[in-house]
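Q: Hi! Could you walk me through this structure in plain words?

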Amino acid sequence: DISAFGAQLSGAVSISGNSLELITSANLAEEADVRFTIRGVKAPAIAGRTGTFQIRTVSSDGREIDVDLDVEALTTLPGDMDVTASLSSRVAGATSTLLITGIVQETLPPGAWFEVDFPPGALLPDSSATQEVLNGATVSYSLGGSVAVVTPVHGSAMLDAGAVISMSFARLRNPQVAGDYEYKVRSMVSVPSVLTTGISTDVLMVKSVIDEAVITLRITPGPLASMEVLSAETAGGNVGFRGAMRVRFRVSNPVPADGAVEITFPSGVFDVSSVVSATFKAARSHAAHVVYADGSTCVDVEDNNVTISRTSGVPVGTGVLMEVEVSTVQVVGFVGTAGTVVIRTTTKDGVSINLDSTPFTVSLHGVLAQLTIDADVFLAGTRVPALDMTFYTANAIPPSGVIVLLLPAGAAIDPSSLSCSLGISGELPSPVSTTQGLVAGEL
């Protein structure tokens with residue numbers, strides 16, 4: 001499909017290889033503005049610069065009039081490669097195997113090979129290609145930097161359209177920060193550079209892309225190990241505790257010197273509205289169990305989330321023990337109240353590195369203070385006229401709470417004459433309801 005502006009075409013078109021000859025039906029004036037639109041041209045199979053176009057005007061008997069042999073080159077993009085990729089593990093920092101499978105769309109030229117680009121740091125000294133199936137061809141491979149090269153051995157099977165591609169790479173290390181990462185697969189071939197430069201004297205060979213696929217795989221945060229959440233005074237956190245809470249764990253991926261630790265405390269168990277400061281500590285080596293202060297921090301509190309951002313210090317390596325102490329945290333749950341503490345380490349931009357959780361249960365009760373019990377007469381076997389008990393509450397008792405008095409062994413209660421009264425903070429005692437068994441005052 002050819003149309004022209006500034007010229008009249010007779011409709012005769014001659015095609016020879018990659019050359020078109022368009023026949024004009026009238027004279028073209030000097031300095032005429034001519035534009036041709038040609039549809040149905042197929043781009044070169046090799047991506048990159050196309051090399052220069054050449055245009056000639058020729059008389060009807062074949063003599064050249066005007067020529068331009070160095071018209072601007074164009075750039076072609078790689079074709080789409082039909083492949084998929086999967087990782088045996090998508091956990092940050094984990095050792096994994098990458099499997100690539102697909103189908104050749106168009107027959108590849110002799111000498112073609114495949115390259116796979118990995119995220120930085122994925123290829124380790126002991127990484128290897130464990131399986132290569134390229135239409136039955138015998139292959140060789142090399143790994144270097146972040147690129148794997150898989151090459152069919154000369155003289156083996158051709159990579160025809162419809163050929164099966166299957167490549168597997170083992171002992172890879174996943175990126176150590178969670179996020180989306182690109183794995184690129186492309187078919188390549190060496191071509192004379194004259195095809196891309198258009199310079200006839202250029203005799204070098206250059207690598208060019210034929211087809212390419214970019215596959216995005218999501219990496220999830222790595223786990224934490226040896227997690228503990230404990231108060232600065234007790235191992236379990238007692239009812240009403242108010243002070244510093246310590247969180248200890250070992251990281252599976254490094255935490256940068258400007259990284260952060262985010263702790264989500266369970267509501268109904270902790271109140272973090274009074275948190276104003278935090279300290280950051282880390283061990284000096286992978287196997288050490290003792291931590292030391294490491295740099296300064298700033299703290300941000302939002303709802304039940306406490307974020308401790310490092311403002312100085314050194315990076316913390318894989319497997320190293322870390323400890324964060326947050327002040328001031330209050331335990332608001334009662335004995336048996338349970339929840340989950342979520343801990344996340346991040347980059348300074350909030351991208352997850354490690355993520356894990358640990359259960360926490362309030363296991364220790366508070367202690368009543370200044371407890372006294374008095375009786376008017378306390379003779380063995382006799383009824384006590386009045387039993388007075390006073391104490392100081394360490395923690396608030398909620399509405400509908402219960403005060404339980406367990407009498408000594410052998411003591412008995414006479415329901416027919418039982419009455420109770422309760423006074424709080426100097427108020428005059430007032431009658432309260434009772435239940436048989438233990439004497440209970442309902443507030």
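**Salt bridges and strands**

A: Happy to. Arg-186 counts as buried because its relative accessibility is 11%, where buried means under 20% relative accessible area, exposed over 50% and partly exposed in between, using a 1.4 Å probe and protein chains only. Keep in mind that this is a predicted model, where local features need pLDDT of at least 70 and side-chain atom pairs count only at pLDDT 80 or more, while totals for chains, interfaces and linings use all residues. Residues are numbered from 1 along each chain as its sequence is written, and side-chain values use heavy atoms, leaving out hydrogens and water.

Q: Thanks. Which residue forms a salt bridge with Arg-186?
A: Asp-117 does, with the closest N and O atoms 3.0 Å apart. A salt bridge here is a side-chain nitrogen of Lys or Arg within 4 Å of a carboxyl oxygen of Asp or Glu. Asp-117 sits in strand S12 and Arg-186 in strand S17, 69 residues apart, so the pair links distant parts of the chain. Strands are DSSP runs (E, at least two residues), as are helices (H or I, at least four), numbered from the N terminus.

Q: And is Asp-117 buried or exposed?
A: Buried, because its relative accessibility is 18%.

Q: What about the rest of S12, which way do its residues point?
A: Trp-113, Glu-115 and Asp-117 point one way, Phe-114 and Val-116 the other, and all are buried. S12 covers residues 113–117.

Q: Which strands does S12 pair with?
A: S12 runs antiparallel to S17 (residues 179–192), with five bridges joining them. S12 also pairs in the antiparallel sense with S15 (residues 147–152), over four bridges. Pairing needs at least two bridges found by DSSP between the two strands. Phe-114 shows both sides: its bridge partner in S17 is Ser-187, and in S15 Phe-114 stands opposite Val-150.

Q: Back to charges. How many salt bridges does the structure hold?
A: There are 14.

Q: Tell me about Arg-248, then. Who are its partners?
A: Glu-228 is one of them, with the closest N and O atoms 3.6 Å apart. Glu-228 lies in strand S19 and Arg-248 in strand S20, 20 residues apart. Arg-248 also meets Glu-323 in a salt bridge, at 2.5 Å from N to O. Glu-323 belongs to strand S27 (residues 321–331) and is 75 residues from Arg-248.

Q: New topic: which residues form the nonpolar patch on the surface?
A: Val-13, Ile-15, Leu-20, Phe-36, Ile-38 and Val-41, with about 540 Å² of accessible area together. Patches take residues with over 30% relative accessible area and no salt bridge, joining like charges within 9 Å and nonpolar side chains (Val, Leu, Ile, Met, Phe, Trp, Tyr) within 5 Å. The areas come from the Shrake-Rupley method with a 1.4 Å probe; for residues, only the protein chains shown count as cover.

Q: Where is Val-41?
A: Val-41 is in the loop between S4 and strand S5 (48–49). Val-41 is exposed, because its relative accessible area is 63%.

Q: Last one: what does Gly-237 touch?
A: Not counting residues up to four places away in sequence, Gly-237 touches Ser-231, Phe-360, Val-362, Ser-363 and Leu-364. Contact means heavy atoms within 4.5 Å. Gly-237 is in the loop between S19 (224–231) and S20 (242–251), and is buried at 0% relative accessible area.
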